[in-house]
Each structure stands twice: as structure tokens, then as C-alpha cells.
Amino acid sequence: MERTFLKYVPILAFITIMTMYVEMVILPSLPEIENQFSITSSEASWILSSETLAGMALAPFLGKLADNYGRKKVLVFILIAYTLSVFLTAISPNYPILILSRSIQGIGLSINPIAYTILRERIPDRELPIAQGIIASTFAVGAAIAIPIGSYISQYFSWEFAYETAIPLLILSIIITYAILPSSESKIVSKELDTLGILLLSLSFLVLGVGLTEAPTWGWLSSQFFTSLAISFLLFYIFSLHISKTDNPVINPQDFKNPNIAVPLISSFITGFGLFLTFQSLVFIFELPSPVGYGMDILQTGETMAPIALIMLVAGPFFGSLVPKVGYKKVILLSSSVSSLLLLLLSYIISIKVSIIELMGFLALILFFISGMNVTRVTLLIASSDRERMSTLTGTNTAMRLMGNTLGPIVVGSLEDTFKTPLFEGYINNIPMFAFIPSRLAFEYSFLVSMGTTVLVSILATRIKEEIRNRRISVSIRTS
């Protein structure tokens, strides 16, 4: 491997691992936070969704800033703001401030797309898929580190302290980025940012999210719920009209005319939805009491999920190296089709409640193929992009993924609040007392919804054209 690969990939991997650590460290504590702040499952889903919704709004904005003013400068700014937001999250005294702090933290979700574009500038074409696979796999590394460490700290100290442990390493990330990463090759270009488009898109998802959150209370057939859907769709329709007429739209409709760009962008939304829906479902399945769940504490949940996350670390480089041999289309078709079948089986397995060892093995297999699907679509997008618009397109890709990330937990929370089952807790004055917890049916439906999203990815993958792969290979041959 060339010197540039060995110099820049480890640095960018460390930065993205740290941000993924912060994002995942809170995951095993979601039921605990729900109890701490006396909130419903639907409200608890906003602990994840508030950050992704804010990140969705900020990703295209920061992507264009990176194109205009340099990736390194923008990356340093993001890391500073991100570190401050992590500190604010750690000291949040109540639920509203926690949600506000997590929203500010969404700025960190723009780090990965900027890292991809730095790699595209510096890494040779023949090594690029492997480098991108490594960066994509940092999600798994961060999860594998954060989930056991975070669960241990949360179990014996607090989830707030688990957040605080990341701050020194984030400061180190700022220093490394400023001192070692190269300045961007991009020239300063004045572009008008699509503020109105960002606002309309964010508001449409916010209204939709609130409607889904309140649906168990309002009723799924209530006028309030349908009114929220109507307002959300109206805002999205206005957004669609706006981006078709503006000069520099936050999401360019022209990009969707190229299937090698359109498929990764749409797939980002679909897989982002399914992945976050799956992760939040698993945490509650592990920690809910029997007979619905497995009755684990926070530490046991972390110890159970960490090995599963490591599977994604293996899958990233594996599928990244497979692409040059068989092509993007076959890899995405294979990984999405197998994922769909396995998720369908998972919905059945949850209904019969197998042993935790059997469930872990099945989940590891699912995440292996989902990881392969995610890594391949990212490499396809970047390989199909012009250098001048790489940050913008990867920012758009992040926005699409975060749209899915935002809705996934909200849908799970709504299903958990909709489908309840009584749990006997004892007697008070000879009167039986029951608590109502999410039923298995809620999670069966969750995984069926996730399965449906991966089926859509398989359908979209049939439109991929492989000439980009052949062009990259020919360029490498001519330059070698």
C-alpha cells in the first residue's frame, strides 16, 4: 500500500471511530433513560431521532461548506462543535435539554462524508474501495467499543459519565486533524446554500415524526394523526417543487437521473431506516422482562451486542474487496436479498423466543450482509461522482441516510406504545397490579417493516450500470 494510504486512513478511521463511539454509547441505556425521565417509548425514540434529524439538516449545508472552503477547515470546526455538544449532553438535567443537546450533536454526523471525500482526493483508485470499506466499518468498531464500555460505565456509574469519557479523546481528534490532515485541494467557490430547502425538508420530517410519536395516544385512525401526515406530505411536496426550480438545491433532482447515483442515495434512506429500527428493537428485546424479552441489565445487553457489532467490522473490508471482482450490482443484489430473507425469518424467531445464543448467531449473519450492502452503495456513489461535487453528493447521501435513521426509531417507539401486553407485578391490598410493556408483536412488525425496506434495495439494485467499474479499472491500468 502507498504511504498516503497508511498516513491518512488510520487518522480518519480514529476520528470516525470516536464519533461512532459517542453515538452508540447511549444505546444500551435507552430503557434506563426512559425510566429516569418518565417518558414513553415513543418519546424515548427521539433520543436517537433528534440527533439524526438535526444531522439531516446540517449534512448538505456542511458538505457544501467543505466543497467551498476546504474539507480540513470544516472538519476541525465540526469536531470542536461536536465536542461541546457531547459535554452538554452529559450534563443534561431533564428530557427537553437532553433532546436539545442531542440535536446540536447532530453536527458530528457530517464527519463521515467529509472523510470519504478526503480519501477520494488522496488515495489511488485501486486502493480506494478498501479505504472506504475501512472507514465504513468504523461504525462497527465504534459500536463494538462503545456498547460494552458504555454499558459497563452506565451499569456501575451512569450513562452521563459514559459520555464524559469520550471528551478527552475527542479533543485529541481535533489536535490530530489540525496537525496532520492535508488541506483540501478544492478552491473557494461562492455558492448560495439552499436554506429554504433544508428548512422545508427538516420540517416535513419533524411533523411526520411528531405524528408517529403521538399516534398511539391520538389513535392511528384519528383526525390528528391524518392531519399531521397531510401537513408533512404538503411540506415535502413544496420542497420537491422548490428543488426543481432553485439553482443550488440541497438535493439536486438531476442526480437521480443517473442510476449509479440515484440507487445509492435512495438506498441510503431505506437502509438507514431499517438499521436504526433494528438496533433500537434489539435493545428493548434484550432488556424487557420475560416473557417478552430476556430480562437483561444494561451491562448484559452491552456484552451481548458487542460481538454482533464486530461482524460488521469484518464485512466492510470483505465486501469492499469483493466489488472489483464481481461488480457493484451483484454485491448489492446478493447482500440485500439475503438480508431480506433473514429479516423475515427473524420476525418469526422473535415470536417463538429462541435462546440468546441462537438469536445472537442469527443477528450476526444479518448484520454481516447489511454491512456489505451499506459499504457497497457508498463506494458506488463515490466512484460515480465528480471530484468537484464529492462533498456535496456525500453530504446528500448522509442526509438521505439520516432521514431513514430519524424515522426508524420513531416507528419502533410507536409500535411499542401501540402493542402492549400486561405484566403481573404483585398485589396491593389483595388487588392484582399490572404494568403494560411492549409485546412481542411490536417487534415482529418492526422486523417485517425492516425486511420490506431491504426488498426495495434489491429492486433498486437492478438499475445499477457497471460501466463505472470498467472505467475505473482502465484508468488504473493506464496510470500504472
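**Aromatic rings, question by question**

Biologist: Why is Phe-419 called partly exposed?

Modeller: In this predicted model, Phe-419 has a relative accessible area of 24%. Buried would need under 20% and exposed over 50%, so Phe-419 lands in between and counts as partly exposed.

Biologist: How many aromatic pairs come out of the ring rule?

Modeller: The count is 13. One of them is Phe-319 with Phe-368.

Biologist: Why is that pair of Phe-319 and Phe-368 called tilted?

Modeller: The centres are 5.2 Å apart, within the 6.5 Å limit, so the rings pair.

Biologist: What does the pair tie together?

Modeller: Phe-319 sits in helix α14 (residues 298-326) and Phe-368 in helix α16 (residues 356-383), so parts 49 residues apart in sequence get tied together. Both residues are buried, too.

Biologist: What makes Phe-419 and Tyr-445 an edge-to-face pair?

Modeller: Their planes are 65° apart, over the 60 cut-off, and the centres are 5.1 Å apart, within 6.5 Å. Phe-419 is in the loop between α17 (390-418) and β1 (420-428), while Tyr-445 is in helix α18 (residues 440-461), 26 residues away.

Biologist: How do you know that Lys-72 lies over the face of Tyr-178?

Modeller: Lys-72 is 5.6 Å from the ring centre, within the 6 Å limit for a charge over a ring.

Notes: Residues are numbered from 1 along each chain as its sequence is written. This is a predicted model: local features need pLDDT of at least 70, side-chain atom pairs count only at pLDDT 80 or more; totals for chains, interfaces and linings use all residues. Side-chain values use heavy atoms; hydrogens and water are left out. Rings of Phe, Tyr and Trp (its six-membered ring) pair if their centres lie within 6.5 Å; planes under 30 degrees apart count as stacked, over 60 as edge-to-face and the rest as tilted. Helices (H or I, at least four residues) and strands (E, at least two) are DSSP runs, numbered from the N terminus. Buried means under 20% relative accessible area, exposed over 50%, partly exposed in between (1.4 Å probe, protein chains only). A charge sits over a ring if NZ of Lys or CZ of Arg is within 6 Å of the ring centre and within 35 degrees of the ring normal.
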